[in-house]
Amino acid sequence: VAALFALGGGGSGGGEARRTPEGPRGTAVPTAAAPKPVDIGDEKTDPKDLAFTEVFPQESVKLGGRTYVRDRWSINRKLSYAAGGTMLTALQRQGCRKIVRATYVDRGNSLTITAGVAVMPNKAASERIAESGDPVKYEWFRGMSAKHAPDVDRGGGFAGSTIRGRYVIYAYVQWANGKQAKPGDPMFKQVAQQFLDYTARPLEARVHA
């Protein structure tokens, strides 16, 4: 399995000040207070629980001209369901709180993607996780089998990950029928990147929430 670790970081963002509009007779109308930036680098400053619907709000998504349908989803606090080998050890050692994940298949049932978010206590922990595991030896996040992709996690594919603050985002792309993927397939790499970007969106939105 080829691995792409496109590391990123989360932080704080600011809002642009707006001029207060005036109502009838020159009465100033107060505007709603601008939301404060959220530092997602630590659970102390980002205490909101990560819900499945926040990460994967849609049953179907269209990315790069393909439509993918969600086939299975899970929230795992027992980390061995979602990772194995040295990655599992690292997640346990770094205090992973849970892993939120979903498996999607495309309309033609040819491609399947398991995408997920590992919730860590802080950015330092997420950075250590990003450097852990070995996808080639299947000591990484696991593919999650689903109704239309029962042989996921057997044939190999393309693995990619990135971080946003205290969150580790990953995507594992495979053939739905378990067929061995061609090493270095650029299409697999592209799909993995598309799902990394898609899964990162709600976490990036937290920064400005």
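First, some housekeeping. This is a predicted model, in which local features need pLDDT of at least 70 and side-chain atom pairs count only at pLDDT 80 or more, while totals for chains, interfaces and linings use all residues. Residues are numbered from 1 along each chain as its sequence is written, and side-chain values use heavy atoms, with hydrogens and water left out.

Let's begin with strand S5 (111-119). Helices (H or I, at least four residues) and strands (E, at least two) are DSSP runs, numbered from the N terminus. Nine of the nine residues of S5 are buried, so the strand is largely enclosed by the rest of the structure. Buried here means under 20% relative accessible area, with exposed over 50% and partly exposed in between (1.4 Å probe, protein chains only). In a regular strand, side chains alternate between the two faces of the sheet. Here Leu111, Ile113, Ala115, Val117 and Val119 point one way from S5, with Thr112, Thr114, Gly116 and Ala118 pointing the other way.

What does S5 pair with? Two strands count as paired if DSSP finds at least two bridges between them. S4 runs antiparallel to S5, joined to it by eight bridges, and Ile99 has Ala118 as its bridge partner. The two form a hairpin with four residues between them, and Asn109 in the turn has a positive phi of about 60 degrees. S5 also pairs with S7, again antiparallel, over nine bridges; there Thr112 stands opposite Gln174.

Now look at Asp106, which lies in strand S4 (residues 98-106). Asp106 is buried, at a relative accessible area of 4%. Its side chain makes a polar contact of 2.9 Å with that of Arg66. (A polar contact is a pair of N or O atoms within 3.5 Å; within protein, one must be able to donate a hydrogen and the other to accept it, and residues adjacent in sequence count only if both atoms are side-chain atoms.) Leaving out residues up to four places away in sequence, Asp106 touches Arg66, Thr67, Tyr68 and Leu111, where contact means heavy atoms within 4.5 Å.

Leu111 leads us to the largest nonpolar core, which has 33 residues; Leu111, Tyr68 and Phe195 are among those with the most contacts inside it. Such a core is a set of buried Ala, Val, Leu, Ile, Met, Phe, Trp, Tyr and Cys residues joined through side-chain atoms within 4.5 Å. The largest share of this core, nine residues, comes from H4.
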